[in-house]
Amino acid sequence: MTSIAAMERATYSDVWELEPYKQAPSAGMRYSALFTEFARPGETVLDAGCGDGRGAMMLASHGLYVTTCDITRAGLPPVWPLEFEEAALWHDLADVFGPHGFDWVYCCDVLQHVPVQFTMMAVAQLVRQAHRGVFLSVSTQPDPYGIWVGKNLHQTVQGFAWWRDSLREFGPLVDARDLVGSCVFVLNGGAA
Amino acid sequence: MTDDPKPFTVFEGLTLEAAINVADPQLVSNVEYAIRQQHPQMWPHPPQADRVCLVGGGPSLESTFPELVDLLNDGAKLVTVNGAYRWCVERNLRPTAQIVVDARQSSAKFLEPYLPACRYFLASQCHPDTWDAVRDRQYVAVFHSVAPDNELLKPVLDKYYLGVWAPISGGSTVALRAIAFLRALGYLRFDLFGVDSCFMGDAHHAYVQPENDTDSRYKVRTCPTNRPDLARDFWVAPWHLAQADDFVRFIKYEGEHFLLNVHGDGLLAYLLASGAEVPLPPSS
């Protein structure tokens, strides 16, 4: 029986074949400047759900030590200079990255893609990997690309207040910004 | 509260220049505080058919209370501003929403008592005490009572929201700003209660509002063009006339975008019903 993670991997391997998806604006790039108001050069960052890697490269250019992961490698260029691990965010990330964690976890426009039953499990995993904090951006809009693969890619479509209130269950939010269409949150890290 | 102060000559010897009622540094400080309270932003919505009863604190409120209740029983939404919120609650009316725009510290009192089902829409220029008054409430949202080219606040909002924010401008008082805000939310049909822009007897509000007790009073006469037979006298404070002037301009330029009915026998109701524009110089 194929696991949910395997099915998601297959879906996004197909999705990254789509030219419109490849050309879509990168949330990882868009929010990198804001993230660097929190993270300092020299700190380690896990880009969780790195997609095509544009965001990760931007973070690296700011002097951050970036490790990347995604459900599939299919979005990355053939030659990829940063560390990469294939991982489903709702699985135990310590099995993938070891017990030490990162200073920060950076996860942009990923959570709405996670199967709904695993969304907050994924957040819990990200919090456990981060010593200083977790930077999240989430889209609050339906996805426009899933029609090309016959699936709804944004499996959670909720507004800013829903995400804010859900994430507050992990502790007070350092930052929460409604950017209308998307939102940005910063949570304290929970790594030992 | 306008972003572009235009001198308004009330009559010879008295000119008003509308401006926000706190100094610029306090205003910036207020906005910097407000945007960090982790509330959702209000954003323009498509048109919707619901009717809104927008209730201000003008002295005609008591006399128009039965009309207000009738409209609410017909399904209109009750939206209040400032002290009208408590006035309605004390009469067992439950506002759907309360709007506060004023940047002064004293506006915090307009958020009591707490109604769990009420939506609280606060302008980002509101004082930190006002924001603290709604801490932990379920339905709170921020909007920006700012012109899109406001040189003071645009950089602050652009930086925090990465350029994604909606300016809601228009009007020198909370009532007119509320109309602009609600219109941005898609509402088209407005019934105004307690938005009089004049004294009625000695009353400037339907309830105690000491901030206005020292307002100057002037008698003005107004009539439709070439119809002095329809002239009426009103007692007004300078801010009443500024609101009336704003109101007429607002209707002139935006009037095709909504349906507006002003209840009561105040100056604004008269201006709307008669087509009169500017009050004549005061009677001697």
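**Where chain A meets chain B**

Okay, let's start with one spot: the side chains of E37(A) and K159(B) meet in a salt bridge, 3.9 Å from N to O. By salt bridge I mean a side-chain nitrogen of Lys or Arg within 4 Å of a carboxyl oxygen of Asp or Glu. The count between chain A and chain B is one such bridge.

Quick housekeeping: this is a predicted model, where local features need pLDDT of at least 70 and side-chain atom pairs count only at pLDDT 80 or more, while totals for chains, interfaces and linings use all residues. Residues are numbered from 1 along each chain as its sequence is written, chains are lettered from A and ligands numbered from 1 in the order in which they are written, and side-chain values use heavy atoms, with hydrogens and water left out.

Together the two chains bury about 1200 Å², 51% of it on carbon and sulfur atoms. That's accessible area (1.4 Å probe) that the two parts lose on being put together, summed over both. In chain A, R177(A), D178(A) and V180(A) lose the most area to chain B, together 39% of what that side buries.

Over to chain B, which has an open sheet of seven strands, in the order β7-β6-β5-β4-β3-β8-β11, with parallel pairing. Strands here are DSSP runs (E, at least two residues), numbered from the N terminus, and two of them pair if DSSP finds at least two bridges between them. Strand β8(B) and β11(B) pair over four bridges; L192(B), for one, has V262(B) as its bridge partner.
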